[in-house]
Amino acid sequence: ALTPGSRFVGTARTLRFLPHREDLFAAGGGGQNAQKRAFDAVGAGEVIVIEARGETRSGTLGDILAIRAHARGAAAIVTDGGVRDAEAVAAVGIPVFTAGPHPAVLGRRHVPWETDVAVGCGGTTVEPGDILVGDGDGVIVIPPAIVEEVVDAALAQEEEDAWIARQVASGHPLDGLFPMNADWRARYDGERNA
C-alpha cells in the first residue's frame, strides 16, 4: 500500500502496458491512449489493475490519474510498477498498491497498450470482473465463481484466530493451541456452539 492502513474491496478493471518501443509509443502512447481510457472508464467500486511487468523504473500513474479514478468512484488502483508523484497520489485518498515510487514518466519504460483483458500483475493473472481485496498485507485476487466459498472460509478463519488469540492472551501456551490439536478443537467447537 502506498499509504499505510489502506484497505479496499472491488472488481477488476484491467490495463496492460507493453515494454517501451519508440514506434509503438509514437503510434499509441500519446493522446487518449489505453491508460487514459482506462482511468476515464473506471466505474464505482472497480479497481484499476495495471500490468507493468514488475518494471519499477518509471511511474504507471501519477496524481492526475489518481484524482480521475477517485472522482469516478474507483475502489483502488493496483500496479506492479511504480507510481509518480507518490506523495500527491497518497494525498488523493484512493487506496493505491504499488511496487514503489519512481519519478520517471510512463514513456521511459512502458507503452499503454490495451484495457479490459486478462493481465499479469504481481505474479498472478487478473481477469476483468475478478474480485480484489487489499490491506496492509497486500492484494489478493478471487475469481467470481469461488468468492462466496473464499469469504466463508476467511470469516471462519478470522473467528478461529481471534479465539486462539484470546486464549494466548489469557496465558495459555502455544503448544497444541496454535494450530489446535483435538482437545483444543473440541473446546473451541463447544464454546462456539454454546
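The side chains of D85 and R84 meet in a salt bridge, with N and O 3.8 Å apart. This is a predicted model. D85 is partly exposed, at 33% relative accessible area. R84 is partly exposed too, at 26%.

**Salt bridges**

How many salt bridges does the structure hold? The count is ten. Three of them are set out here.

| Pair | N to O distance |
|---|---|
| D85 and R84 | 3.8 Å |
| R16 and E114 | 2.4 Å |
| R185 and E160 | 2.8 Å |

Take R16 and E114, which form a salt bridge. R16 lies in strand 1 (residues 8-19) and E114 in strand 7 (residues 110-115), so the bridge ties together parts that are 98 residues apart in sequence. E114 is partly exposed, with a relative accessible area of 25%.

Now take R185 and E160, whose side chains also meet in a salt bridge. The pair links distant parts of the chain. R185 sits in helix 6 (residues 182-193), E160 in helix 5 (residues 147-169), and 25 residues separate them. Is E160 buried or exposed? E160 is buried, because its relative accessible area is 15% and the cut-off for buried is under 20%. R185 is partly exposed, at 29%.

Salt bridges with shared partners also join R13, E46 and D116 into one network.

**A hairpin**

Strand 10 (residues 131-135) pairs with strand 11 (residues 138-142). The pairing is antiparallel and runs over five bridges. Two residues lie between the strands, which form a hairpin. Within the pair, V133 stands opposite I140 of strand 11.

**The largest pocket**

The largest pocket has a volume of about 480 Å³. Its lining counts 19 residues. V133, D135, I140, A154 and E158 lie nearest the centre. Strand 1, strand 10, strand 11 and helix 5 each give two or more residues to this lining. Which element gives the largest share? Helix 5 does, with seven residues. By class, the lining has twelve nonpolar, three polar and four charged residues.

**The second largest pocket**

The second largest pocket holds about 250 Å³ of space. It is lined by 16 residues, and Q35, G62, L65, R84 and L106 are the closest to its centre. R84, then, is a lining residue here as well as the salt-bridge partner of D85. Helix 2 (34-41) and helix 3 (63-71) are the elements that give two or more residues to the lining. Helix 3 gives the most, with three residues. By class, this lining has six nonpolar, six polar and four charged residues.

Technical notes. Residues are numbered from 1 along each chain as its sequence is written. This is a predicted model: local features need pLDDT of at least 70, side-chain atom pairs count only at pLDDT 80 or more; totals for chains, interfaces and linings use all residues. Side-chain values use heavy atoms; hydrogens and water are left out. A salt bridge is a side-chain nitrogen of Lys or Arg within 4 Å of a carboxyl oxygen of Asp or Glu. Helices (H or I, at least four residues) and strands (E, at least two) are DSSP runs, numbered from the N terminus. Buried means under 20% relative accessible area, exposed over 50%, partly exposed in between (1.4 Å probe, protein chains only). Two strands pair if DSSP finds at least two bridges between them. On a 1 Å grid over the protein atoms alone, a cavity is a set of points where a 1.4 Å probe fits but cannot get out, and a pocket is an open set with protein on both sides within 12 Å along at least five of seven lines; lining residues have an atom within 4 Å of a point. Grid points are joined across faces, edges and corners, and a volume is the space filled by probe spheres set on the points. Ala, Val, Leu, Ile, Met, Phe, Trp, Tyr, Cys and Pro count as nonpolar, Asp, Glu, Lys and Arg as charged, and the others, Gly among them, as polar.
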